[in-house]
Amino acid sequence: MARLVQKFGGTSVADVDRIKIVAQRVKREVDAGHELIVVVSAMSGTTNQLVAWTNQTSEMADPAEYDVVVSSGEQVTAGLLAIALQAIGVPARSWMGWQLPLKTDGAHAKARIQGIDLEQIKARAAQGEVAVVAGFQGATEDRRISTLGRGGSDTSAVALAAAFDAERCDIFTDVDGVYTTDPRIVARARKLDKITYEEMLEMASQGAKVLQTRSVEMAMNHRVRVQVLSSFVDRPGTMVVDEDEILEKQVVSGIAYSRDEAKITVANVSDRPGVAAAIFGPLADAGINVDMIVQNVSRDGQATDMTFTVGKADITRAVKVLEANRDHVRYERIVSSADVVKISVIGVGMRSHAGVAQKMFQTLADKGINIQVISTSEIKVAVLVAEEYLELALRALHSAYGLDAVDAA
Ligand code: ASP
Ligand code: MG
């Protein structure tokens, strides 16, 4: 007998028939004697629709009311799954975030979990009742509904798994695991049996959409064993585990990409102390995240260019902030471009191997692909290239690092 948390994403609960299939899957674990918390997302497409409605009602929607609206999709699926379970003889009860409660801070639309009360659920689970928890939502100190950011039901699931002392947290999604890269672009991408927390964290934050980044952070901090798998096939997925569970460490385990970046160049700023602070301080104050940064060597010891990336959604605001600060920064002009993509090669084996970055640069050079910005961390090398080269670059890098499946499907 074990305690398990199973989370079903939007495609797994997309309609009533699929919810019934999920109920059967949950029943199997219950019949095997396990104690279960099930976490559900909204039906696929629902949250997008709810977000669109709030935006149509007002572009400046009160975040607390935004949360009331966008959290509602999970209420529907939690109730339906509880009904489907009861209908096949499995005792089940649905739980909204405020009913547990799953307590969060007051940062609506991107709230952070502060604590979870599982007393009731634990007692009922011991009696064989399945808890069906609405993912993505919680409650603030003043008892308003909050949400954990898009994709947040992954984080709900991992947090519940930690609080429940679950042996494993299964995340059912529309892919059957974590791949070396996007299989829609690279046919020879391979499913990984295991990946380390650190690699998964980089993959998620560098653009792989399979898990919400915060859920991986939380899994890593609480050592929750996470499995990513599909509810449509009956196969083991990818386990996200501690580094010492992986015997053969790959130099590069995976290649992620993100189309969500945009590039900004502040041209001809003077090369003097304080310039970086003058550029990036106001951006930080405006809540704009800056990712990659390069500062050119100054041409004549005086003027230089500062190039960096921000989220595509922030580009207009970022340019406005810079223009508003022109008096402090003093630059010639701002050039921005959204036609870029960031490609990152990731692997814990990089720590002990030289030449990983060089292989990336050479491979891209051989294909005539120009690198616009570079950034690195201990287990990652990322480059910014023109968006039109995404597919070519991914395929070439996937081969160069020896990641291709031997017999391509
Ligand atoms: N339904 C929410 C979203 O689409 C949360 C989730 O599915 O993880 O962002
Ligand atoms: Mg998701």
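Pro-101 lies in the loop between strand S3 (92–95) and strand S4 (102–104). The peptide bond from Leu-100 to Pro-101 is cis, with omega near -5°. Arg-223 is placed in the loop between H8 and strand S11 (226–230). Most residues other than glycine have a negative phi, and most peptide bonds are trans. Helices (H or I, at least four residues) and strands (E, at least two) are DSSP runs, numbered from the N terminus.

The model is predicted: local features need pLDDT of at least 70, side-chain atom pairs count only at pLDDT 80 or more, and totals for chains, interfaces and linings use all residues. Residues are numbered from 1 along each chain as its sequence is written, chains are lettered from A and ligands numbered from 1 in the order in which they are written, and side-chain values use heavy atoms, with hydrogens and water left out.

**Ligand 1**

Ligand 1 is surrounded by Ser-41, Thr-47, Glu-74, Phe-136, Arg-150, Gly-151, Gly-152 and Ser-153, where a residue is near if one of its heavy atoms lies within 4 Å. This shell comprises one nonpolar, five polar and two charged residues. In this classification Ala, Val, Leu, Ile, Met, Phe, Trp, Tyr, Cys and Pro count as nonpolar, Asp, Glu, Lys and Arg as charged, and the others, Gly among them, as polar. The table lists polar contacts, that is, pairs of N or O atoms within 3.5 Å.

| Residue | Part of residue | Atom of ligand 1 | Distance |
|---|---|---|---|
| Glu-74 | side chain | nitrogen | 2.6 Å |
| Arg-150 | side chain | oxygen | 2.7 Å |
| Gly-151 | backbone | oxygen | 2.8 Å |

The protein covers 87% of the 260 Å² of accessible area that ligand 1 has on its own, by the Shrake-Rupley method with a 1.4 Å probe.

**Cavity and pocket**

On a 1 Å grid over the protein atoms alone, a cavity is a set of points where a 1.4 Å probe fits but cannot get out, and a pocket is an open set with protein on both sides within 12 Å along at least five of seven lines; lining residues have an atom within 4 Å of a point. Grid points are joined across faces, edges and corners, and a volume is the space filled by probe spheres set on the points.

There is one cavity of 30 Å³ or more. The largest cavity holds about 40 Å³ of space, and its lining has seven nonpolar, one polar and no charged residues. Helix H8 (residues 213–222) supplies the largest share of that lining, three residues.

The second largest pocket holds about 310 Å³. Its lining has 17 residues, of which Leu-192, Lys-194, Ile-246, Glu-248 and Gln-250 lie nearest its centre. By class, this lining has seven nonpolar, two polar and eight charged residues.

**Hairpin**

Strands S19 (residues 373–377) and S20 (residues 380–386) run antiparallel and are joined by five bridges; strands pair if DSSP finds at least two bridges between them. S19 and S20 form a hairpin with two residues between them.

Notes. A polar contact is a pair of N or O atoms within 3.5 Å; within protein, one must be able to donate a hydrogen and the other to accept it, and residues adjacent in sequence count only if both atoms are side-chain atoms.
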